[in-house]
Amino acid sequence: MLFAGIHASRRNRANGPSKGQLMGNLAPDFELPGLDGKKLKLSDLRGKAVLLNFWATYCEPCKVEMPWFVELQKQYGPDGFQIVGVAMDDASTEDIAKFAKDMGVNYPILIGEDSVVTSYGGVGVLPTTFFLDRDGKLIAREFGLQSRSVFVDHIKKALSQGQAVQARK
Amino acid sequence: MRVLLATALLLFSACACAQLQDQPGPAGPTGPAVKMAPAPVVTIVQGQPATVPLSFRVASGYHINSNKPKSEFLIPTVLRVEATTDIVIGKTTYPDGQDMSFAFAPDEKLSVYSGDFQVDVLVRPLKSVEKGKYIMRGTLKYQACDNSACYPPKQLPISFDVKIAKAATAGRKNPAQSPHAHQ
């Protein structure tokens, strides 16, 4: 109920600048280092539905979503779903790693860069979450904390879209 | 001191209220979530410390962490005033945060500032400082959130004037007189 209220108010905020330029197009590609220093390239995940979550250690609403993401990764991972977190704060990599470990995060966390944020139209609100279909196209974006059901809806949609899905049929 | 505070509040009502229309928008606040009221000019005697009260207002719908947040990961509100060669900046006193719960974590209490809050800065001019008006500058670092999202940390530039007055010169003491001296 509580989050339904938040959800309703946030839905009204979802039409941010440059949404039209991003949605339906290929997600801007990037390569960022993870907590272990190994780089991950977004386009290497092509064929999977991706939830791209920009967050920060100082962001309390982001903390609320993380346990859901852990569950959703377990639930939909076998179907070809991948969550990628991008940490957007000044904290050290060690602190971010400690935070992620405390939260039991089971998906890759990357260290964000301003250039990546800019390519996504700027992320002035945390959390901001993008959903990519299996072809790497952006199909949805959400600002701020959402209800779990919103994520599930977008994940199902992302899993069902893309040429990779059509080829299987 | 009471007169100074009253003046600051009055100025806040007249100026800051009109400016603080920054409701949460699609990509975050359209302006700073925190603004400073025009600070009263505090007169300080050379060589003597004095407290300068600085009044801030957090825009409606937002909160910022107090100076002592409850988690190591939260970014505290910190005021930094640049010291000059002749004016020493002493202790900065922050108010206690309000313990508040928010919709995103109703079972958790955060130590925050919302609405109006005041930070006191101790200023001590050296005895050698020339009398006159001086502009002090600094920044208030804060990180704001609303009920369902957070915004990157910001540095709000701040400034206030202090008027340095000359210390009273030690006058010649009257020699002790006997009550019967004029008899």
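Mentor: Two strands pair if DSSP finds at least two bridges between them. Strands themselves are DSSP runs of E with at least two residues, helices are runs of H or I with at least four, and both are numbered from the N terminus. In chain A, five strands form an open sheet in the order β5-β4-β3-β6-β7, with mixed pairing. The model is predicted, with pLDDT of at least 70 needed for local features and 80 or more for side-chain atom pairs, while totals for chains, interfaces and linings use all residues. Residues are numbered from 1 along each chain as its sequence is written, and chains are lettered from A and ligands numbered from 1 in the order in which they are written.

Trainee: What makes β5 and β7 of chain A stand at the edges?

Mentor: β5 (109-111) and β7 (138-143) each have a single partner strand, so one side of each has no neighbour in the sheet. The twist from one strand to the next averages 20°, an angle between N-to-C directions on a scale from 0 to 180 degrees, with axes fitted to C-alpha atoms.

Trainee: How do you know that β4 and β5 of chain A pair?

Mentor: Three bridges join strand β4 (residues 81-87) and β5(A) in the parallel sense. The cut-off is at least two bridges, so the two strands count as paired. A:Gly85 has A:Ile109 of β5(A) as its bridge partner.

Trainee: Why are β4 and β8 of chain B called paired?

Mentor: Strand β4 (residues 63-65) and strand β8 (residues 105-113) share two bridges in the antiparallel sense, and B:Asn65 stands opposite B:Val112.

Trainee: Which strands form the open sheet of four in chain B?

Mentor: The order is β2-β12-β10-β5, with mixed pairing. β2 (42-45) and β5 (78-81) are at its edges, since each has a single partner strand. Neighbouring strands are turned by 35° against each other on average, direction ignored. β2(B) and strand β12 (residues 154-165) pair in the parallel sense over four bridges, with B:Ile44 and B:Ile164 as bridge partners.

Trainee: Which residues of α6(A) are buried?

Mentor: A:Phe151, A:His154, A:Ile155 and A:Ala158 are buried, meaning that 20 or more other C-beta atoms lie within 10 Å of their own; exposed means 12 or fewer, partly exposed is in between, and C-beta atoms are placed from the backbone. The four cover an arc of only 105° around the axis, which puts them on the same side of α6(A); the arc is that of the directions from the helix axis to the C-beta atoms. An α-helix has 3.6 residues a turn, so residues three or four places apart point the same way. A:Ser149 and A:Ser160, on the other side, are exposed.

Trainee: What makes B:Ile64 and B:Val112 a contact?

Mentor: In a contact, the two C-beta atoms, placed from the backbone, lie within 7 Å. B:Val112 is one of the residues that B:Ile64 touches, along with others including B:Ala33, B:Tyr113 and B:Tyr142.

Trainee: Which residues have the most contacts inside the largest nonpolar core?

Mentor: They are A:Ala56, A:Leu126, A:Leu132, B:Leu54 and B:Ile64, in a core of 80 residues. A nonpolar core is a set of buried Ala, Val, Leu, Ile, Met, Phe, Trp, Tyr and Cys residues joined through C-beta atoms within 7 Å. A:Leu126 also has a cis peptide bond to A:Pro127, with omega about -5°. A:Pro127 is in the loop between α5 (114-119) and β6 (128-132) of chain A.
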